[in-house]
Amino acid sequence: MTAAGTAPATAPAVTAEAYAQILQFYAGHMQDLDTGAAEEWAEGFTEDGVFAQNVKPEPWRGRTHIATSMRRGLDRLAERGVQRRHWLSMVVATPADPVDGADDTVRTRYYAVVFETPRGGQAAVYLSTTGEDLLVRRGARWFIKHREIFHDGA
């Protein structure tokens, strides 16, 4: 993965159909997360997928670890009475070299803003990030092979 801010402005684009599929994937993926469906959200990663953040010392490796770790985080939010919403935008998708026999491989870069609303309270921006994913398509489904999130201000 590249460091945040290094995606070339003139990178080749994926097809319009692939781009639409990727946006649909991200919409469902984030809605799974925001509704507390950690296990379904983790199904969006390959079995050996990686979820890394610049604010965490070690990435989460493997779909099972990703699901378990996210479940703990979502349960803590629920105990606090907090709802989060992830808003992804400015998605750039470029073809990538094939990985693990995938039908298609794409690198994406996007901005994400996370809103947080306490029960009975006002929504507020919780954080702003840049994300970079390596996506693989197997059949009609997209999966995240590697995700890196860069928290602004970290």
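This is a predicted model: local features need pLDDT of at least 70, side-chain atom pairs count only at pLDDT 80 or more; totals for chains, interfaces and linings use all residues.
Now the overall fold. The chain has three helices and six strands. Start at the N terminus and read along: α-α-β-β-α-β-β-β-β.

Next, dimensions. The C-alpha trace spans about 45 × 30 × 30 Å along its principal axes. The radius of gyration is 15 Å, which agrees with a compact globule, because a globule of 154 residues would have a value near 15 Å.

What about the inside? Of the 154 residues, 42% are buried. Then look at contacts between residues at least 6 apart in sequence. Among these, 59% join residues at least 24 apart.

Charges, quickly. There are 17 positive and 20 negative side chains. The centres of the two sets lie 4 Å apart.

Let's move to one strand, β6. It covers residues 141-151. Is β6 mostly covered or mostly open? Mostly covered: eight of its 11 residues are buried.

Which strands pair with β6? One is β1, residues 45-53. β1 and β6 run parallel, joined by five bridges. Find Phe 45 on your screen; its bridge partner in β6 is Ile 144.

Another is β5, residues 124-138. This pairing is antiparallel, over 10 bridges. Here Arg 137 has Trp 142 of β6 as its bridge partner.

Last, the turn. β5 and β6 form a hairpin, with two residues between them. Gly 139 sits in that turn, with a positive phi of about 65°.

Technical notes:
Residues are numbered from 1 along each chain as its sequence is written. Side-chain values use heavy atoms; hydrogens and water are left out. Helices (H or I, at least four residues) and strands (E, at least two) are DSSP runs, numbered from the N terminus. The radius of gyration is taken over C-alpha atoms; the globule rule is 2.2 Å times the number of residues to the power 0.38. Buried means under 20% relative accessible area, exposed over 50%, partly exposed in between (1.4 Å probe, protein chains only). Contact means heavy atoms within 4.5 Å. Lys and Arg count as positive and Asp and Glu as negative; His and the chain ends are not counted. The place of a charge is taken as NZ of Lys, CZ of Arg, CG of Asp or CD of Glu. Two strands pair if DSSP finds at least two bridges between them.
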